[in-house]
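Here is a short report on one protein model. Have a look at the sequence and the structure first, then read on.

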Amino acid sequence: MNRGVVRVSLGLLLGLALVGAGHTQTQASIPVRFQGEWNSDPKHCGDRESGTNLIITDKALIYFEAGDEVRAVHPAELDGINILVDHEDYDGIERLSRTLILSDDHQKLSFTYGDGPETVVLRCPQGNQDGRQAD
């Protein structure tokens, strides 16, 4: 076999392996019990401009003018999770870690940035389109 063909074949296989490895990392999902809208001030639930809300999906954390794309999810103490994310804001993209721990009733979330202090947020009421509780 020609050495050039072998090099191209090995390069192609290595490239496919790297693409596959990257694809596997992005398959990490945040468990459903953590998903939803959260806010440090429940009266601002549904107000995305308040700067106090946090929306968690299976693949992302969304803040006011910033967001995290989930790369890996691992179990943590107290039935929580540690997540590795690509955090994107106006400064660019940075790989960071987060720790999420729920209260026993799943209504309070302790959120540690890994690069800053812990934040405690409350689950927003469900049911209304804007996340606010019905009157």
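## Strands β4 and β5

β4 and β5 run antiparallel and are joined by eight bridges. Two strands count as paired if DSSP finds at least two bridges between them. Strands themselves are DSSP runs (E, at least two residues), numbered from the N terminus. In general, strands of a sheet pair through backbone hydrogen bonds, either parallel or antiparallel.

Two bridges show the pattern. G67 has E88 in β5 as its bridge partner. H74 is partnered by N82, also in β5. The hairpin of β4 and β5 has five residues between the strands, and L78 there takes a positive phi near 55 degrees.

## About the model

This is a predicted model: local features need pLDDT of at least 70, side-chain atom pairs count only at pLDDT 80 or more, and totals for chains, interfaces and linings use all residues. Residues are numbered from 1 along each chain as its sequence is written, and side-chain values use heavy atoms, with hydrogens and water left out.

## β3 meets β4

Four bridges join β3 to β4, and these strands run antiparallel. Y63 stands opposite A66 in β4. β3 and β4 form a hairpin with two residues between them. In its turn, E65 has a positive phi of about 60 degrees.

## The whole barrel

How many strands make up the closed barrel? Eight, in the order β1-β2-β3-β4-β5-β6-β7-β8, with antiparallel pairing. From one strand to the next, the twist averages 30 degrees. Here the axes are lines fitted to C-alpha atoms, and angles run from 0 to 180 degrees between N-to-C directions.

## The nonpolar core

The largest nonpolar core has 19 residues. Such a core is a set of buried Ala, Val, Leu, Ile, Met, Phe, Trp, Tyr and Cys residues joined through side-chain atoms within 4.5 Å. I30, L54, I56, L61, L100 and L109 have the most contacts inside it. β2, β3, β4, β5, β6 and β7 each supply at least two residues of this core.

Take I56. Leaving aside neighbours within four places in sequence, I56 is in contact (heavy atoms within 4.5 Å) with residues including I30, F34, W38, L61, L100 and L109.

## One aromatic pair

The structure holds one aromatic pair (ring centres within 6.5 Å). Y63 and F111 form it, 6.3 Å centre to centre, with 80 degrees between the planes. That makes the pair edge-to-face, a label for planes over 60 degrees apart. Y63 lies in strand β3 and F111 in strand β7, 48 residues apart. Both Y63 and F111 are buried, meaning under 20% relative accessible area (1.4 Å probe, protein chains only).

Technical notes
Buried means under 20% relative accessible area, exposed over 50%, partly exposed in between (1.4 Å probe, protein chains only). Rings of Phe, Tyr and Trp (its six-membered ring) pair if their centres lie within 6.5 Å; planes under 30 degrees apart count as stacked, over 60 as edge-to-face and the rest as tilted.
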